Amino acid sequence: MNIILFGPPGSGKGTQADLICEKHNLLHISTGDLLRSEIKSKSNFGKGIQEIINTGNLVSDEIIIKLINSAIKKDNDFSGYLFDGFPRNMNQVSLLSKLLKSKDIKIDCVLFLNVDKSILLDRVLHRKEAEGRSDDNEKTFKNRFDVYCKETQPLLQYYKSDNLLREINGIGEIYQINQRINAELETF
Ligand code: ADP
């Protein structure tokens, strides 16, 4: 099974991704995590990325597809992939679709974690205390959310017309949201 996990910043994609991947033996591919580990490696390349992330804008599609390409390993013991935080704009949708075609991989569903904007900022500020992410502050969140509305949210319509979209109520306790996801995935 191959899944795209979709949702606004702070919707809990990373947390739910870990649970889904454990239960279904999927390889978790998070562009946010890939970028953060690139930054940690202290390469020059990583330095530029940190600046972009701190503004809340999107990193270039070229960098993203390179990271995704090297993260997809066909000869692994996993039963599929879970893409988290990707694709984030229409160009990334077509880059992903080309890449997957060349590797003979098909997306089975797009899980949309739906969470109200009013709740997202609280979650992000809470995560700042727990994880210290430099982009988890009110100013950057505002831009991340605007970028999401402008660039990413329109993809929902696209996936809906492809019949891949499954909406999950992302409000509640972690285990409740996970149960909703499990119930949805049982239909596959
Ligand atoms: P969140 O989902 O909470 O915004 P992520 O860890 O997914 O957090 O992303 C953090 C930042 O990394 C984004 O604000 C953006 O700058 C960059 N980023 C992550 N994924 C992508 C992507 N697919 N394309 C461009 N930039 C990305």
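Which handedness has the crossing of α1 and α9? The crossing of these two helices is right-handed; a crossing is called right-handed if the near helix is turned clockwise from the far one by less than a right angle, and left-handed if anticlockwise. The model is predicted, so local features need pLDDT of at least 70 and side-chain atom pairs count only at pLDDT 80 or more, whereas totals for chains, interfaces and linings use all residues. Residues are numbered from 1 along each chain as its sequence is written, and side-chain values use heavy atoms, with hydrogens and water left out.

**View 1. Helix α1 against helix α9.** Helix α1 covers residues 13–24 and helix α9 covers residues 174–185; helices (H or I, at least four residues) and strands (E, at least two) are DSSP runs, numbered from the N terminus. The two axes come within 10 Å and cross at roughly 45°, where axes are lines fitted to C-alpha atoms, for helices over the stretch in contact, and angles run from 0 to 180 degrees between N-to-C directions. This makes α1 oblique to α9; angles under 35 degrees count as roughly parallel, over 145 as roughly antiparallel, 65 to 115 as roughly perpendicular and the rest as oblique. The crossing of α1 and α9 is right-handed. From α1, the contact (heavy atoms within 4.5 Å) involves Thr15, Gln16, Leu19, Ile20, Lys23 and His24, and from α9 it involves Ile174, Ile177, Asn178, Ile181, Asn182 and Leu185. Six of these contact residues are nonpolar, five polar and one charged. In this grouping Ala, Val, Leu, Ile, Met, Phe, Trp, Tyr, Cys and Pro count as nonpolar, Asp, Glu, Lys and Arg as charged, and the others, Gly among them, as polar.

**View 2. The five-stranded sheet.** Five strands form an open sheet with parallel pairing, in the order β2-β3-β1-β4-β5; two strands pair if DSSP finds at least two bridges between them. Strands β2 (26–30) and β5 (165–169) are the edges, each pairing on one side only. From one strand to the next, the twist averages 20°. Four bridges pair β1 (residues 3–6) with β4 (residues 109–114) in the parallel sense, and Leu5 has Leu111 of β4 as its bridge partner. Helix α2 (residues 31–40) packs on the sheet and touches β2 and β3 (80–84), with its direction at about 65° to that of β2. Helix α9 also packs on the sheet, where it touches β1, β4 and β5, and its direction makes about 155° with that of β5.

View 3. Which residues of β3 lie on each face? Gly80, Leu82 and Asp84 are on one side and Tyr81 and Phe83 on the other, and all are buried, buried meaning under 20% relative accessible area, exposed over 50%, and partly exposed in between (1.4 Å probe, protein chains only). Three bridges join β3 to β1 in parallel, with Leu82 as the partner of Ile3. Five bridges join β3 to β2, also in parallel, and Ser30 stands opposite Asp84.

**View 4. Helix α4 beside helix α5.** Helices α4 (residues 61–71) and α5 (residues 90–102) pack at about 30°, with axes 11 Å apart. They are therefore roughly parallel to each other, and α4 passes α5 in a right-handed crossing. Asp61, Ile64, Ile65, Ile68 and Asn69 of α4 meet Asn91, Gln92, Leu95, Leu96 and Leu99 of α5. This contact comprises six nonpolar, three polar and one charged residue.

View 5. Asp33 lies in α2 and is partly exposed, at 39% relative accessibility. Its C-alpha atom is 9.3 Å from that of Gly85, 52 residues apart along the chain. Arg144 lies in α7 (residues 138–152) and counts as buried, because its relative accessibility is 11%. Leaving aside residues up to four places away in sequence, Arg144 touches Pro9, Gly56, Val124, Arg127, Arg133, Asp135 and Asp136.

View 6. Most residues other than glycine have a negative phi, and most peptide bonds are trans. The bond from Phe86 to Pro87 is cis, with omega near 0°, and Pro87 is in the loop between β3 and α5. Asn25, in the loop between α1 and β2, has a positive phi near 55° and is partly exposed at 33% relative accessibility. Asn163, in the loop between α8 (155–161) and β5, has a positive phi of about 65° and is exposed at 62%.
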